[in-house]
Amino acid sequence: MAGRFLFFLFVTVTFSYAHFPSGQRLKPRLQRDRRNIRPNIILILTDDQDLELGSMQAMNKTRRIMEEGGTSFSNAFVTTPMCCPSRSSMLTGKYVHNHNTYTNNENCSSMSWQRQHESRTFGVYLNNTGYRTAFFGKYLNEYNGSYVPAGWREWLGLVKNSRFYNYTLSRNGVREKHGAQYPQDYLTDLITAESIRYFRSSKRVYPHRPVMMVLSHAAPHGPEDSAPQYSTAFPNASQHITPSYNYAPNPDKHWIMRYTGPMKPIHMEFTNVLQRKRLQTLLSVDDSMEKLYNMLVETGELENTYIIYTSDHGYHIGQFGLVKGKSMPYEFDIRVPFYIRGPNVEQGSINPHIVLNIDLAPTILDIAGLDTPPDMDGKSILTLLETDKPANRFQMNKKSKVWRDSFLVERGKLLHQRVEGKEVSQEENFLPKHQRVKDLCQRAEYQTPCQQTGQKWQCVEDATGKLRLFKCKNEGGGDKNPQRHLTGRQHPISIKSQLYRSNSEACDCDFRDLRPLNLRPFNKKPFFSKKKFKALKSYSRNRYSRSLSLRNSYLGNHSLVGRVWDNPLTDESEDEFSGMGGVPNALALPNSIKVTHRCFILANATVKCDTGVYQSLQAWKDHKLHIDHEIETLQTKIKNLKEVKGHLKKARPLECDCNKYLYKSKLKSKLRYRGGNQHPFRKGGARDKKAWLLKEQKRRKKMRKMIKRIRNNDTCSMPGLTCFTHDNQHWHTAPYWTLGSFCACTSANNNTYWCLRTINESHNFLFCEFATGFLEYFDLNTDPYQLINAVSSLDRTVLNQLHVQLMELRGCRGHKQCNPRSRSVEHAGVREHGSFDDYRLFERRKWPRVKRPSSSRTLGPIWDGWKG
């Protein structure tokens, strides 16, 4: 009997080795069959779709499929309300400060992004584990179509930004152009048809391989072209008219809100048409959802497929007087729709937990059976969807779920922040920087009085006892005058002049023939380049330091302090330099510089204008626009001079090693980009040649746009603000715009902020710190539309604690640091399980209630000097 059993076992093993290929015979049965039970994943992503303005009310088919057949999250947010940063966070599961895509241009689909982060998206992980991955539609704003991103077996990516007609697609690396024919060229219908075709073919050829697809629609992003059959829908759309609609001006909010006034009638009519056209584009997305659903039913894959529907960020249409746009930290821009349905997902339920765009990548990995990488900041939401499971014999009491109650909203990056040379407006709740100065002054490198070799900065205590940072003028010595007397700054030694100084270790050359005759000295930055005209005090200081350090220098850089013009300018030269150079002495105040026809810079570095500028708002605006025009004119001249200078550098003759010495000097890098002279607060500046070249390319691009705007007589521009024009030719599909052209300025590229958004059992608030030091606080329990900035009602201890928690999130890395909720939740047995109150019952965090601040220990004098 034993012999027959051994013989039977031998035959079975031999047959097994002969039947299975060599690559599979060593795999356990569970591992071979695991891929057969893994679910499909379909992510549907829209562009600029709001939740607060009622866009989901137009999508009845989607709501029926996703709400009735799955779970909707009532507290879904994005961490950055901008297209490319938010999409990068979705792909990588990281906050913006960890993947470094801060705007729709900077680092968006750049080489750095491709090397460091694109190889770690959820598509790469799933592709490596056997999923058939596919991407259809908009990818990143600056994607140029020259390559196929890693991790995608099938690729149909939109080149550049959203369009519905006349666009270019990259089909597996091959560019193909599309026209304006419906339906074959309509982007929403095209990517729907392509995705359905791919899913069917994959299941036909590889029936046991799971599929992961991303459908990234352009709707409802501009240019808001709807399908012809929907061009008459929603004639009376008014969901966008919320309590915050046209609520302007807002003197208690940050500078853009204070600058924005009520909309004009033409703006309000535009918002009505815009809302209507946006909803019309979403009807095609609604049809797309129904087609996908029917396809899954026909193929029998519905019960084994997870479907996720969300948007990259929200949108505003007229809120706070902003005609249209995104990028604000308020609810209408950061709240998004979020639905999920699939195996073991409760149907028809509403989940109150906070879910973020950084949770998408960990969730998709979790669905595929993969662990969340430690560098991802988000968490899988599958734990929030699990149904009740019986406790095992080792666990008598069921553990309550632990989830975040706070998250970070961030936008922008301080690339060129300065402290000296820039006068920050003292706003009502200005946050001082002396605490950071105090921390820096603890370092040994700032404590010596400018005597160390290579020392750039020195800490000096002023008469009031405050520590201040001052720049050392001479390397390895040179006493810095804290009072900044002008007499000591008449002839500074510039970087360029150091190149011409004799050096015993270098060749002995005569550089007199190489001294520039009509160029501005290099010891200061160029006149009125970007961000240099924001503070007139900075301009006045630079004005005196540029006084005649070289002979016969550019006329616009001469100083009039304590002297008169040797050769007064004629009327012709005065017009040429647009009033920014010298003027006849008879028209100027004693010992002053006439900058414009209404303003002077006095000898004590203060600005004085005539009384009309200070008394009339219209005169102030007119004169400011005049100054902006003068700046643009001078920038054009500077650009031309720089082009000539660049040509001369390339055509410079090589006669001896003296020229080689000039361009191989250690100070060359400082001449090109002064990274070594940056203020300690200026982080992330250009530190190598490549970064400087990128910065120079951006500057030239901006200059070209400015020149084009001047040539076209385009007056739709305001300093520091992003403006747009709209006319009758803007929309090429019905309904058309027929009320003529208008201009609106509603956003800014330099609006940098960091916000703490908290929702728990006792609090529901938004706390923001802007780069200017301005603070905002909104209690959404009492002010759900964020109409009133209530920061003045907070106790200083509360502000300290909010600031500390915000700083922790700003520097967090990984899901263990970026999800602040360390305390477990104790459920009350008498309450219904799964309720919001049950989930939120916990021991309160460190901060006290807002209305009754406790006397708890402060976390340091961070907010000393704060005025509420």
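Start by selecting Y165 and Y186: both of these residues are buried. You are looking at a predicted model, so treat each stop on this tour as a feature of that prediction.

Keep those two tyrosines on screen and look at their rings. Y165 and Y186 form a tilted aromatic pair, with 5.4 Å from centre to centre and 50° between the planes. Now colour the surrounding elements. Y165 sits in the loop between strand 4 (154-158) and strand 5 (168-171), while Y186 sits in the loop between strand 6 (174-177) and helix 8 (187-205), so the pair ties together parts that are 21 residues apart in sequence.

Next, select F724 and F742. What is the angle between the planes of these two rings? The planes stand at 80° and the centres are 6.1 Å apart, and because planes over 60 degrees apart count as edge-to-face, that is the label for this pair. F724 belongs to strand 17 (residues 722-726) and F742 to strand 18 (residues 742-747), so this pair links parts 18 residues apart in sequence. F724 is buried, with a relative accessible area of 15%, and F742 is buried too, at 9%.

The charged end of K324 sits over the ring of F724, 4.6 Å from its centre. For another charge over a ring, select R278 and Y315: R278 lies over the face of Y315, at 4.0 Å from the ring centre.

Now for a group of rings. Select F122, F135, Y139, Y143, Y147, W152 and W155, which form one aromatic cluster. Across the model, the count comes to 29 aromatic pairs.

Then move to T121, in the loop between helix 6 (111-116) and helix 7 (122-128). Is T121 buried or exposed? T121 has a relative accessible area of 2%, so it is buried. Leaving aside residues up to four places away in sequence, T121 touches L91, T92 and A150.

For the last stop, show helix 8 and helix 10 (residues 265-299). Their axes come within 10 Å and cross at roughly 10°, which means helix 8 is roughly parallel to helix 10. To see the contact, select residues on both sides, including T188, I196 and F199 of helix 8 and V285, L292 and M295 of helix 10. By class, the contact of helix 8 with helix 10 has 6 nonpolar, 6 polar and 4 charged residues.

Methods. Residues are numbered from 1 along each chain as its sequence is written. This is a predicted model: local features need pLDDT of at least 70, side-chain atom pairs count only at pLDDT 80 or more; totals for chains, interfaces and linings use all residues. Side-chain values use heavy atoms; hydrogens and water are left out. Helices (H or I, at least four residues) and strands (E, at least two) are DSSP runs, numbered from the N terminus. Buried means under 20% relative accessible area, exposed over 50%, partly exposed in between (1.4 Å probe, protein chains only). Contact means heavy atoms within 4.5 Å. Rings of Phe, Tyr and Trp (its six-membered ring) pair if their centres lie within 6.5 Å; planes under 30 degrees apart count as stacked, over 60 as edge-to-face and the rest as tilted. A charge sits over a ring if NZ of Lys or CZ of Arg is within 6 Å of the ring centre and within 35 degrees of the ring normal. Axes are lines fitted to C-alpha atoms, for helices over the stretch in contact, and angles run from 0 to 180 degrees between N-to-C directions. Angles under 35 degrees count as roughly parallel, over 145 as roughly antiparallel, 65 to 115 as roughly perpendicular and the rest as oblique. Ala, Val, Leu, Ile, Met, Phe, Trp, Tyr, Cys and Pro count as nonpolar, Asp, Glu, Lys and Arg as charged, and the others, Gly among them, as polar.
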